[in-house]
Amino acid sequence: MSVHINRLLLSDRVLLLQGPMGKFFTCFSAWLKAHNIHCFKVNLNGGDQFFSRSFEDNFDFTGSSAEFSAWIEDLLLSQDIDAVVCFGDCRKYHQIAKKVALKHQINFFAFEEGYIRPNYITFEQDGVNFFSNFLSHLKLKAKKHKHTQIEEISEVNNSYRSMVVSVMIYYLFMLIFSWKYPHYKHHRQMSIWAEIYYWIWSGIRRIKNYCVEDRRFKKFMRLYRKRYFVFALQVHNDFQIRTHSDLKCMKKYIQMVIQDFAQHADPYHHLVLKHHPMDRGYRNYASYIQNLAKSYKIEGRIHYFCDIHLPTLLKSSLGFVAVNSTTGIQALYHRIPVKVLGYALYNLPKLTNQRPLAKFWRNPGRVDQVYFKYFREELINYSQLNGAFYGASPWMNHYDRSHIEMDVEMQQSNNPVST
């Protein structure tokens, strides 16, 4: 699994920025400490501060974002930091820290949700998603003609309840200590009260969907199996939309896809728009989608779901459309043709449909399963860790700093520097 953990374990003094809301970074720092790596933590708000209270070396940044660059540079140099780790490389504070770290040749690593799900999380050096170096790695690997098998993995039992509890506690302490961090700007560009409100709505809608959607979905599957395409909606203010796409707006993509489907798809076929569960409380596109369907005269052919079983939906579809969702990799796993509208590291000629969307509806093509198997195995070995942010972390038992240091010494002895 992820080769980048081996590189991190060669560090001596690691600075952690913001992690997933919850105790994951606390467990991660304990793991680093067990490998004799000194761990430091930066707190940007009260939520960060609460979940990092067990750290021996905490640094609270209470200034404005304009002051952060100079502050983090002084911290990195004064504490002799040789690696920086964060969760989500597109957050403003993380982008600033990355720029400063690379300026001083300090390694920068990022965690992210798993490219492969379930049972994986992502960990890479320099950047994730479309900022990943994976495609360069893939080209070099192809030239060497080497093939590596993936290791067996364990179930990680990722807990939705644990995530919700962690989020609520995080926002509560973010609110309580807002006086201490008056200049903090959340990466989702919302107030604390708004975040709490939307998370409460998310819980209410999840209960409602549990009671209503299952029956609707079963009826849909009986009527339209192998007669529909799937369009995966993404979190409206996620960096995958704001940074790694052209239109920068989920509603614009919805309008574009429905219009294109109405104009070019077979009249016999249907389109399912699958809402992202993490955006459940923030957005509800039901009325917007209904109005578009009515405007393009395809009301009976457009369907909108949220909390349904995704593998079941995918396996009986004709094709999958996404801006850049990693669900596209899951669709490819089920041999479902994929069309990417944004920037995605899996948008490759042998994997996804490279023709215009207008032609995809009539001829989605086929997935090259041999190449996909190779791609998936390389992606796992390059960037994936067997674990969860709100579950178990079996990957922590598979790495040992002493063995890595021994391998480095052997490589150096086998490749002496000539003088």
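Predicted model: local features only at pLDDT ≥ 70, side-chain atom pairs only at ≥ 80, totals over all residues.
**Ground rules.** I number residues from 1 along each chain as its sequence is written, and I take side-chain values from heavy atoms, with hydrogens and water left out.

**Entry 1, salt bridges.** I looked up salt bridges, taking one as a side-chain nitrogen of Lys or Arg within 4 Å of a carboxyl oxygen of Asp or Glu, and the count came to six. One of them joins Glu 73 to Lys 103 with an N to O distance of 3.0 Å. That pair links distant parts of the chain, 30 residues apart, with Glu 73 in helix α4 (residues 65-78) and Lys 103 in helix α5 (residues 92-103); for helices I use DSSP runs of H or I with at least four residues, for strands runs of E with at least two, both numbered from the N terminus. I noted Lys 103 as exposed at a relative accessible area of 57%, where exposed is over 50%, buried is under 20% and partly exposed lies in between (1.4 Å probe, protein chains only).

I then turned to Asp 307 and Arg 280, whose side chains meet in a salt bridge at 2.8 Å, N to O. The two sit 27 residues apart, Asp 307 in the loop between β9 (302-305) and α12 (310-315) and Arg 280 in the loop between β8 (270-274) and α11 (286-295). Asp 307 is partly exposed at 27%, whereas Arg 280 is buried at 4%.

I found Asp 214 partly exposed at 41% and Lys 218 partly exposed at 49%. The helix bends by about 40° at Val 212, the bend being the angle between axes fitted to the seven residues ending there and the seven starting there. Its buried residues, among them Trp 199, Phe 217 and Tyr 224, pack against α7 (160-176), β7 (228-232), β8, β9 and α12, with contact meaning heavy atoms within 4.5 Å. After α8 comes Lys 226, whose phi is positive, near 60°.

Val 14 stands opposite Ala 83, and Ala 110 is the bridge partner of Cys 86.

I counted 42 aromatic pairs, in which rings of Phe, Tyr and Trp (its six-membered ring) have centres within 6.5 Å, with planes under 30 degrees apart called stacked, over 60 edge-to-face and the rest tilted. Phe 109 and Phe 123 are stacked, at 5.4 Å centre to centre and 5° between the planes. Phe 109 lies in β5 and Phe 123 in β6 (residues 121-125), so the pair ties together parts 14 residues apart in sequence. Both residues are buried, and both belong to a cluster of linked ring pairs that also includes Phe 87 and Trp 395.

Key: Pairing = 2+ DSSP bridges.
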